[in-house]
Amino acid sequence: MGGSGEAIRAKVRERYSIAATGRGSCQDDACCASGYSSVELVRIPAESVLGLGSGNPVRHARLRPGETVVDLGSGGGIDVFLASGLVGPGGSATGIDMTPMMVARASTAAASHNIPNASFVLAPIEKLPFPDAHADVVLSNCVINLSPDKPAVFAEAFRILKPGGRLVISDVVQERDLGAIEDDCGCVGNAMVREEYLKTIRTAGFVGLRIVEDRPWRTGPNGIDASAVTLVARKPAQEVST
Ligand SMILES: C[S@@+](CC[C@H](N)C(=O)[O-])C[C@H]1O[C@@H](n2cnc3c(N)ncnc32)[C@H](O)[C@@H]1O
């Protein structure tokens, strides 16, 4: 999947409008890989589970009651609902997604299951509708690889986190520059090469970056083409003076 930023976003939106109907998950098996236990899945609305993630970032987020969580590219809401249960009624979890049908599906699930501390907002993850220092935790699951402007996504995540706030994301990275490849899903075709991706996160200001899960995502004749990584990083507790 190549093209200009807007063309990429339009294609992604089109694809995930179909996925929001519960059909059309990626044909790539790895794309439907799920890292959730049955214990986790029974706690959340079944309609939020669309099999679109690349990991389970909530499991690594150490969420505490009362925390404010933002999920970038929330899809059907799976990670928002898991997070809302862990932060409890004194906390909140908000999903951001640019596909209207995804936001509608997740919002309907929140209302029909009476989960008031889970909400969903239609917006691009490159321009988040929150003030500075709003969130304790920013999550994302198999989304940033789709963005045509990854530095803007990490800059926005950094901006909306409180000092000391955590970034916990699962995503797909290329293991070498794959060039223009056939990739309907977009998860691999738009992904960054691993080292560049990690550098982009650090350049945004994040520190303490640790990869907590790492597994092959797509393998070709030359070995592993792309991997699914889950990583944790944080915004420094104090402003770094320059
Ligand atoms: C692969 S799905 C993952 C959904 C969810 N995180 C999960 O694990 O099930 C990608 C989601 O991100 C959304 N998305 C992709 N690019 C986006 C962008 N630039 N801004 C906002 N949402 C985006 C899509 O609409 C879709 O719902």
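Reply: Start with burial: a residue is buried if 20 or more other C-beta atoms, placed from the backbone, lie within 10 Å of its own, exposed if 12 or fewer, and partly exposed in between. Helices (H or I, at least four residues) and strands (E, at least two) are DSSP runs, numbered from the N terminus. This is a predicted model, in which local features need pLDDT of at least 70, side-chain atom pairs count only at pLDDT 80 or more, and totals for chains, interfaces and linings use all residues. Residues are numbered from 1 along each chain as its sequence is written.

Me: Which residues in α3 are buried?

Reply: They are Ile-78, Asp-79, Val-80, Phe-81, Leu-82, Ala-83, Ser-84 and Val-87. That is eight of the ten residues of α3, which spans residues 78-87, so the helix is mostly covered. Just after α3, Gly-88 has a positive phi of about 75°.

Me: What do the buried residues of α3 pack against?

Reply: Contact means that the C-beta atoms of two residues, placed from the backbone, lie within 7 Å. The partners of α3 are α2 (38-41), β1 (68-72), β2, α4 (100-112), β3 (118-122) and β4 (135-141).

Me: Why does Ile-96 count as buried?

Reply: Ile-96 counts as buried because it has 25 C-beta neighbours inside 10 Å. Ile-96 is found in strand β2 (residues 92-97). Not counting residues up to four places away in sequence, Ile-96 touches several residues, including Val-70, Leu-72, Val-121 and Ile-125. Ile-96 and Phe-120 are 24 residues apart in sequence, yet 5.9 Å apart in space, C-alpha to C-alpha.
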